[in-house]
Amino acid sequence: MVAAVAGAFAMTSCYTGQDVPDCDAANARIIFRYYPTATEEKLLQAEASMTHLLFRNDVLEGILTIDGTTVTGQGMLGDANATQAQTIRQLTLKLEDGDYTLMTWGNLTNGVSQFTPLVLGQTLRADIELTQVNASPHAAGAFHNSERLYFGTVSFAVTEGTMVQKIVDMDCAHTQLNINVVWKNTNERPNMSQPIWMELGGIPVLYNQAVDHTLQTALGGTPQYGDATYLEPVPVIAALRAMHTSDVNVVSASEIATTFITYRLTDADHPMLSIQGGTDGELLSAIDLQTFFQNNAWVMDNNRRQYFDILIEINGPVITVSTTNVNDWVDGGTIGQ
C-alpha cells in the first residue's frame, strides 16, 4: 500500500540497458546481478520483477515497480520507460546531490507479501516491514507459500559533476524445502485419494529493516567476490512466526511430495513438520527439522541459499530424515492413528 504526499518532485530518472546512459545529465547507475553459484550469473532467470525503494537521508522518496514489461514509478522514480530486460538489469538515474540508499526486492508483485503503508516523504527506512498475507485454507492463522523473494541494497552519494556507479548483488531472501515422504510398510500407507497437505510450524512471516543486517559467508573463487569473506546484506527476520501449509503431490501409492517456499530461516528456528489428511487426520506427528539442519552442520544464519532436498522415510515408529551426501538422523516421533 502506497500513499503519495502532495507536491511535485523535481527529480527524474531514466532507465537503460546500455553502457552509456541515454538521458541527459544522468549521475547514478545501479547494476544488478545474482550469483546462485560460484560461476553462474542468473539474475534474469531468477527474478521476473523488481520493486525499488529509494531513500534520501533514510526517508522514502521514490518507488519503482518493474513487472514484466510494465513499469510504474512514483516520486523520484516516477519517470520510467523501459523494457523488462533493461530495467531488471540496470537503473540509470538523474538525482539531486545527496546521500541515498536503494532497497530492492525481487519477485514482490503477486500480492503474497505486502509492505506496511509506504508514504513518500515520510516513511523511514528503519520502519519498512514486509509481511505475508496469503492465508491458508487449511488452518486459521496459517499461510501458503511465499514468493521466491530476493533482496539487495546499496548506499551512495551523488555530487555535482560526477557519475556514480554501484553494483548490487541480489541475495536469496527465501527458503525452499523440497520434501518427499515415503511409507516403507504397505499396511501403514495412507489413503492417497483424500486431500493431503503438509504443515510447517514456527516459520518467519515478517521482515523488517530496523537495523542493517549482513550474513558472513566465505565465497571463495566467485568471480564477483574473489576469495574473500563477504558480508552480504539480507532483510532482518523479525520475531513473528506462523504455520505454513502446502498441498502434496501423490508420487506413488507409498510416496508424496511437496515444496515449501518461506521467508529465510535462522539458527534459532524450529520448523515443525507434520502431515495431515482430510479424512484420516494426522498422518505424521510433528518432527523438528532443526535437528536435521544442526546434524548436517548447516549454519542457517550464514547460509546464502537455503535450498534443501529432504527425504523422510516412515517405518513404523522410526522416522528417518535424510538428504543427498549427508548423514541421516532418526527422529523418535510416532505416526498418527
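**Exercises on salt bridges and a sheet**

Glu 41 has a relative accessible area of 25% and is therefore partly exposed (buried is under 20%, exposed over 50%, partly exposed in between; 1.4 Å probe, protein chains only). The model is predicted: local features need pLDDT of at least 70, side-chain atom pairs count only at pLDDT 80 or more, and totals for chains, interfaces and linings use all residues. Residues are numbered from 1 along each chain as its sequence is written, and side-chain values use heavy atoms, with hydrogens and water left out.

**Exercise 1.** Determine which residue forms a salt bridge with Glu 41, and what the pair ties together.

*Solution.*
1. A salt bridge requires a side-chain nitrogen of Lys or Arg within 4 Å of a carboxyl oxygen of Asp or Glu.
2. Arg 89 meets this criterion with Glu 41, the closest N and O atoms being 3.1 Å apart.
3. Arg 89 lies in helix α2 (residues 84-89) and Glu 41 in the loop between β3 (28-33) and α1 (43-46), so the pair ties together parts 48 residues apart in sequence. Helices (H or I, at least four residues) and strands (E, at least two) are DSSP runs, numbered from the N terminus.

**Exercise 2.** Identify which strands stand at the edges of the open sheet of six strands.

*Solution.*
1. Pairing requires at least two DSSP bridges between two strands.
2. The order is β6-β5-β4-β8-β12-β14, with antiparallel pairing.
3. β6 (70-75) and β14 (171-172) each have a single partner strand, so one side of each lacks a neighbour in the sheet.
4. Within the sheet, β4 (residues 49-56) and β8 (residues 98-106) pair over seven bridges; Leu 102 in β8 is the bridge partner of Leu 54.
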